[in-house]
Amino acid sequence: MDLVQISKNIRRSIVKMNAKSFASHSGTALSTVDILSSLYFKIMNIDENNPQLKNRDKFILSKGHGSSALYATLSEKGFFDKKLLEGFYIDGGILPGHLDKEAVPGVEVSSGSLGHGLSIGIGMAIANKVDKLDNNVYVMCGDGELNEGSVWEAIMFAPQNKLNNLTLIVDYNKLQGYGKTNEVINLEPLNEKLKAFNWDVIEINGHDFEEIEKSLTKVTNKPKAIIAHTIKGKGVSFMENEFVWHYKSPNEEQLKQALEELLWEIYL
Ligand SMILES: Cc1ncc(C[n+]2csc(CCOP(=O)(O)OP(=O)(O)O)c2C)c(N)n1
C-alpha cells in the first residue's frame, strides 16, 4: 500500500471538488490528508463493505468544514462511488458542505459547528468500554477549534474516565479563520497544557508517515493527544501556509496547476 500515492489521489479529489463547487476550505482539507490516509489505509479496523461493523474503530473529523478531505478519503477507500464527489456542495448533490453522517456510509458524526467532536468521541469511547470492545476512537480537531471552551471540558473529562481507547489529534496548521492561531488565542504551551490535564502527549510532523504511524499505534494507559504539526494547504505550492485558501476556491487555471503539482511533485 502506497500511502504517498493514496494521499496524492485524495488531494487531487479535494481540489477538484472545491473548484467545481466554488467551495472554501481547500487549505483546511489539505492539511489533514496524510493523517487520514494513514488512519483509513493502515491503522483503523474498518470494513468499507460493512460500515456499521460492531467492532470497528471510529474517526470523527470535528473540524467539519474540512469535509472534502473525509469524503475524498472514504471514496478512495471504497465506502462509496467516487462519482458522488462530483455532487459536493452543489444543488442536487448529496454531499453537503459540512459533514453529514446521513449522506454517505462511513461518516460517523455530522460536524461543522466546532467544539463538539471530542465530547462525542468520549461518549463512543465510554460505550466501547461498557460493551467490552477494544476498539479505538480517533478525533481530529483544528488548532483554532481549541479556542472553544467545550473542547477543554472534554479534555478534562477523558482522563478522569481513563479513556486509553481515545486519541485526540490536533491538526496544528497554525492558521484559523481570522488569522494566525498564536495571534488570535495562543495555545502555547500546548504540550504542557495537555500533559497537565493528564493526557499522554506526542508531538509529530503530521506529514511524515512514519511518525504518524508510530504515534497512532503507541499503547498508553491514558487518553492520547497527538499534536500534529501540519501545513495548511499542504501539497499545492500556492496554497501552502496561505491564509486566503481558508476561503478561496481554485479557478480553472489554479486547478490545472494544482493537479499538475499533485501528479508530479516529488513528495517530502
Ligand atoms: C461553533 C463555531 N464557531 C465558529 C465557526 C466558524 N468557523 C469555521 S472554520 C473556523 C476556523 C477554524 O480554524 P481551525 O480549527 O484552526 O481549522 P483550520 O481550517 O485551520 O484547519 C471558524 C471559526 C464554526 N464553524 N463553528
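**Reading burial and salt bridges**

Mentor: Let us begin with burial: Ser26 has 0% relative accessibility and therefore counts as buried. Please note that this is a predicted model.

Trainee: Where is Ser26 found, and which residues does Ser26 touch?

Mentor: Ser26 lies in helix α2, residues 26-30. Leaving aside residues up to four places away in sequence, Ser26 touches Asn18, Met239, Trp245, Lys248 and Pro250. With Asn18 there is also a polar contact between the two side chains, at 3.2 Å.

Trainee: How many salt bridges does a search of the whole structure find?

Mentor: Side chains of opposite charge can pair when their charged atoms come close. The search of the whole structure finds 10 salt bridges. One of them joins the side chains of Asp171 and Lys63, at 2.6 Å from N to O. This pair links distant parts of the chain, 108 residues apart: Asp171 is in strand β3 (residues 166-172), and Lys63 is in the loop between β1 (58-61) and α4 (67-77).

Trainee: Are Asp171 and Lys63 buried or exposed?

Mentor: Asp171 counts as buried because its relative accessibility is 0%. Lys63 counts as buried because its relative accessibility is 2%.

Trainee: What is the accessibility of Glu102 and of Lys101?

Mentor: The side chains of Glu102 and Lys101 meet in a salt bridge at 3.4 Å, N to O. Glu102 is exposed, with a relative accessible area of 62%, whereas Lys101 is partly exposed, with 40%.

Note on methods
Residues are numbered from 1 along each chain as its sequence is written. This is a predicted model: local features need pLDDT of at least 70, side-chain atom pairs count only at pLDDT 80 or more; totals for chains, interfaces and linings use all residues. Side-chain values use heavy atoms; hydrogens and water are left out. Helices (H or I, at least four residues) and strands (E, at least two) are DSSP runs, numbered from the N terminus. Buried means under 20% relative accessible area, exposed over 50%, partly exposed in between (1.4 Å probe, protein chains only). A polar contact is a pair of N or O atoms within 3.5 Å; within protein, one must be able to donate a hydrogen and the other to accept it, and residues adjacent in sequence count only if both atoms are side-chain atoms. Contact means heavy atoms within 4.5 Å. A salt bridge is a side-chain nitrogen of Lys or Arg within 4 Å of a carboxyl oxygen of Asp or Glu.
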